[in-house]
Each structure stands twice: as structure tokens, then as C-alpha cells.
Amino acid sequence: MTILIDRVSVSTPELEAFLAAHLRDMEPTAPPESRHALDMASLLAPGVRLFAATADGALAGTGALAALQPGHEELKSMRTAPAMRGRGVASAILAALLDDARARGIERISLETGAADWFWPAHRLYAKAGFDECEPFGSYAEDPHSLFLTMRLTD
């Protein structure tokens, strides 16, 4: 299987459906005020870099980086197509996003993810990549439904 990851600058019906499914997946995991996934328009806004992974020509996953402040970005919209889970797609997307951030001189990447058991595969992915738990950042507040993680890209 060949995974290709490219930056996305325009929406497509396939990508919109993929990200709408992401939002639907988040609904049962936390109350609305505790869900922070971005919609398509927000992912294409200035200051956000959206990437899509394809595997053998099919949309396999997404991930984005959103500017928080100079040198600090937030990882957003990590999603792997259900049929592709466990095949390295998320790891490939995360590596590509971190490489993109490093190439642009970003010093720190942070993220908010759900705290429910459903998110354990994501927790393992981020821990393996070197993310550590942290306090809420940006506009986030303490929330029992959220786990906050961060990683320094420079020493």
C-alpha cells in the first residue's frame, strides 16, 4: 500500500463527506461544548494547513495544523478512514504534519483530543510520537472530556 499525503486548498465532495463523518463520530464522545473538531470551511481558512492522505487512490485520512501564535500550532482533524485503521495511515499523516511544521520553523505543536476510551488509539499514537500531557492552551479550558498534549519540535 502506498500512502501519499498532499496539502489541500479546496474542498471536494469526497473530502466534505469524509470530514462530516469525522464530526458525526465525535457526537457521542462528549457534549457539544466539549467537541472541538473543525468543519470544512474552518479547515480551509487562513492560518490552517489541511492535508489529506490517499492510499492506492482512495482518501485514507486527514490532518491539519492551525496557527495559535508565532511558533506554536495546533494539530487538528486527525482522522483515518475506518477501513484503513491499523495500517499506518495516522502515523504517516502525523509524521508529514510534524515535518511540515519543522520545515516552517514551528517550535511547538499542541493538541486537544477526547478523554474517552474511544480515543485510546489516538492517545497511543501521540505518546509514541513524543507528545506529553499539558495544561489547556490557546482558548481551551479544563474539561473532563478533553486531554491536552504538546510536543516541542526544537530543543
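Reply: Let's begin with K76, a buried residue with a relative accessible area of 8% (buried is under 20%, exposed over 50%, partly exposed in between, using a 1.4 Å probe and protein chains only). Before going on, keep in mind that this is a predicted model: local features need pLDDT of at least 70, side-chain atom pairs need 80 or more, and totals for chains, interfaces and linings use all residues. Residues are numbered from 1 along each chain as its sequence is written, and side-chain values use heavy atoms, without hydrogens or water.

Back to K76: its side chain meets that of E74 in a salt bridge, 3.6 Å from N to O (that is, a Lys or Arg side-chain nitrogen within 4 Å of an Asp or Glu carboxyl oxygen).

Another of them joins R49 to D100, with the closest N and O atoms 2.8 Å apart. Here the pair ties together distant parts of the chain: R49 sits in strand β2 (residues 48-55) and D100 in helix α3 (residues 89-103), 51 residues apart (helices are DSSP runs of H or I, at least four residues, and strands runs of E, at least two, numbered from the N terminus).

R104 is partly exposed, at 32% relative accessible area.

In helix α1, the buried residues are L15, F18, L19, A21, H22 and M26. They cover an arc of only 150 degrees around the axis, so they lie on the same side of α1 (the arc is that of the directions from the helix axis to the C-beta atoms). An α-helix has 3.6 residues a turn, so residues three or four places apart point the same way. On the face of α1 turned away from that buried side you'll find the exposed residues P13 and R24. What do the buried residues of α1 pack against? Their partners are β1 (3-8), α2 (40-43), β2, β3 (58-69) and β4 (72-80), where contact is heavy atoms within 4.5 Å. Notice that β2 turns up again: it is the strand that holds R49.

Leaving out residues up to four places away in sequence, F131 touches L94, L98, I109, L111, Y126, L149, T150 and M151.

Finally, the rings: the structure holds 5 aromatic pairs (Phe, Tyr or six-membered Trp ring centres within 6.5 Å; planes under 30 degrees apart are stacked, over 60 edge-to-face, the rest tilted). One of them is W118 with F119, an edge-to-face pair at 5.1 Å centre to centre and 85 degrees between the planes. W118 is partly exposed, at 44%, whereas F119 is buried, at 8%. F137 and Y140 also pair edge-to-face, at 5.1 Å between centres, with 70 degrees between the planes. F137 is buried at 5%, and Y140 is buried at 15%. Along with F148, these two form one aromatic cluster.
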